[in-house]
Amino acid sequence: MALDSAVIRRQFPFLQERKHPVYLDSAASAQKPDCVLQAMDTFTRTRYANVHRGLYALSEQATDLFEQSRNTVRTFLRARHADEIVFTKSTTEALNLIARSWGHATLRKGDAVALTILEHHSAIVPWLQLKEEKGIEIVWIGIDDQGNVQREELTRALGKGNVRLVSVTGLSNVLGVRPPVGEIAAEARRAGALVAVDAAQWIGHHPISVRELDCDFLAFSGHKPYGPTGIGALYAKRELLRSMPPFLGGGMMIREVHRNGFTPADAPQKFEAGTPPVTEAVGLKAALEWLEAIGWNDIESHEAHLMRVAFDTLRTIPGLRILGPKTPDGASGCVSFVVEGTHPHDLTDLLGQQGFCLRAGHHCAQPLHERLGIPASVRLSVALYNTEEEIRALGPAIARARSVLSK
Amino acid sequence: MDLYAEHILEHHRHPRHKSPIANRTIEHAENNPACGDTLALELKIKKGKIEAAGWNGSGCALSQAGISMLLEKITGMSVSDVEKFSPKDMRSLLGVPLTTRRLQCAFLPLLALHNALRKSKGGQTETWPELLDQDQE
């Protein structure tokens, strides 16, 4: 394997702590490498100013850094134009922006939005809100037992002619499956529907090209690809952003304001009211550059290896059932499971006591858990800094936790 | 003492009152939004006393043991005494140290009980923040 995990691990202050737990919850939020922390620290200590406001040099430099970060995101997503990148607080805010701006302005009663059952609540609730408000219809696209999107259900839904948008995750935050987003986007486009991609999980594990996908929207957060919290981005095609009304009103999003009205600024500023997360943009830029410098081949092969080890380890545990994909090549970034007779909360609490960080619950994907017929699950997620040994050690730890509950 | 103390595990493995009751006068269900644990409570109140109590639900050892212990405790008590049952009382009933991450597991039974009683009087139900506030007092 080309990736030297010792070199990677040395770059994470968290892993230099004398007693650090085994962190297997990067799907919730990833630890940060030195370069990200340093970039934010240096900016805050020595270069700090607000952006797009002052005419002094310091503010101009801050503005340059902020816009360079936007350009880094553009390059990272292989978008055509930097003005197709809107900075938001998070994936959640980016997905809400689609519903509140595009959805609110264009959808009418009887129009439908199609969602896969894999979706995270942040790709569901904004549309349910529009359903309440405007009477739009939500069409659910199911999955098979391995977590694959039922394409014939999508085809049937699109055939009705009222689906205006398909929202699909690029990588399930529970099952680790990767729906064929490019194919789904092509099919949706032929039916006259737009496509929104939730890339919150995808962003840190595999390369993305919005040009190849030809999707209309794509959302991600900074803190999953090793960057800071408090910043995310929405990619949207330039002509779409032009047609969409502002989402929040305030400073920076206007061209002019008078006592009886206002004219909005052009995109992306139209959607960035208020002082943006400048420091976080600096950190996000450092994180994305760091990832690109490591290289996707090494990232993917290291993590694919970790997933094989995770499946091997989990399969040896009696009474443990892996949800979704039957083999590790069907899952990426995370794998979820249930253990007979052991509630996920109890299991992860007891694992936590042994120094393993795993998440339990419905992972903000309750409709998916309903489909799976379980209230909650345990999720193991991997990142660049995890090692084979860390994951193998989980086997005995789960056995010890079970023995506490069943003694 | 550990959260997974023997008395908690014992109630978890052999939950008391986990069945429907005859002639119930109130039923009320609560869930834990953070994890999806559910708890449906049934009470039979007669002459100001909890004559019988039953429950059903699914969740972690702590919430399941908690409802089991709580219903064992309140059966036969007067409604006015049960209404006064506080988060502090719940803590001492459980008798294990609670950390922030498990507060909602520990107090789900209490929320269900409070709200069942409020519902029986036609009052407004208590919210999670209101319940957790009482824990601060």
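This is a predicted model: local features need pLDDT of at least 70, side-chain atom pairs count only at pLDDT 80 or more; totals for chains, interfaces and linings use all residues.
Figure 1. His363(A) sits in the loop of chain A that runs between strand S14 (359–361) and helix H14 (366–372). Its phi is positive, about 55°, although His363(A) is not a glycine. Most residues other than glycine have a negative phi.

**Figure 2. The loop around Asp214(A).** Asp214(A) also has a positive phi without being a glycine, with a value near 55°. The residue is placed in the loop between helix H9 (210–213) and strand S7 (217–221) of chain A. Is Asp214(A) buried or exposed, or partly exposed? Its relative accessible area is 26%, so Asp214(A) counts as partly exposed, a class that lies between the limits of 20% and 50%.

Figure 3. Ala267(A) and Pro268(A) are joined by a cis peptide bond, with omega about 0°. Most peptide bonds are trans. Pro268(A) belongs to the loop that lies between strand S10 (261–264) and helix H11 (278–294) of chain A.

**Figure 4. Ser69(A) in helix H4 of chain A.** Helix H4 of chain A spans residues 57–77 and contains Ser69(A). Ser69(A) is buried, with a relative accessible area of 0%. Which residues does Ser69(A) touch, not counting those up to four places away in sequence? They are Phe87(A), Ala281(A) and Lys285(A).

**Figure 5. The largest cavity and its lining.** The count of cavities of 30 Å³ or more comes to 1. The largest cavity has a volume of about 60 Å³. Its lining is made up of Ser26(A), Ala200(A), Gln201(A), Gly204(A), His205(A), Lys224(A), Tyr226(A) and Ala383(A). Sorted by class, this lining has 3 nonpolar, 4 polar and 1 charged residues.

**Figure 6. The largest pocket, lined by residues of chain A and chain B.** The largest pocket holds about 360 Å³ of space. It is lined by 20 residues, of which His345(A), Thr348(A), Ala360(A), Arg101(B) and Arg102(B) are the closest to its centre. Two or more lining residues come from each of helix H13 (344–353), strand S13 (356–357) and S14 of chain A, and from helix H5 (103–120) of chain B. Which element gives the most to the lining of the largest pocket? H13(A) does, with 4 residues. By class, the lining of the largest pocket divides into 7 nonpolar, 8 polar and 5 charged residues.

**Figure 7. The interface of chain A and chain B.** On the side of chain A, 13 residues are in contact with 19 residues of chain B. The size of an interface is often given as the accessible area lost when the parts come together. Here the area buried between chain A and chain B is about 1300 Å², and carbon and sulfur atoms give 46% of it. Within chain A, the residues that lose the most area to chain B are His345(A), Asp346(A) and Asp349(A), which together account for 35% of what that side buries.

**Figure 8. A salt bridge between Asp349(A) and Arg101(B).** How many salt bridges are found across the interface of chain A and chain B? There are 3. One of them joins the side chains of Asp349(A) and Arg101(B), at 3.1 Å from N to O. Asp349(A) is also among the chain A residues that lose the most area to chain B, and Arg101(B) is one of the residues closest to the centre of the largest pocket.

Technical notes:
Residues are numbered from 1 along each chain as its sequence is written. Chains are lettered from A and ligands numbered from 1 in the order in which they are written. Side-chain values use heavy atoms; hydrogens and water are left out. Buried means under 20% relative accessible area, exposed over 50%, partly exposed in between (1.4 Å probe, protein chains only). On a 1 Å grid over the protein atoms alone, a cavity is a set of points where a 1.4 Å probe fits but cannot get out, and a pocket is an open set with protein on both sides within 12 Å along at least five of seven lines; lining residues have an atom within 4 Å of a point. Grid points are joined across faces, edges and corners, and a volume is the space filled by probe spheres set on the points. Ala, Val, Leu, Ile, Met, Phe, Trp, Tyr, Cys and Pro count as nonpolar, Asp, Glu, Lys and Arg as charged, and the others, Gly among them, as polar. Contact means heavy atoms within 4.5 Å. Buried area is the accessible area (1.4 Å probe) that two parts lose on being put together, summed over both. A salt bridge is a side-chain nitrogen of Lys or Arg within 4 Å of a carboxyl oxygen of Asp or Glu.
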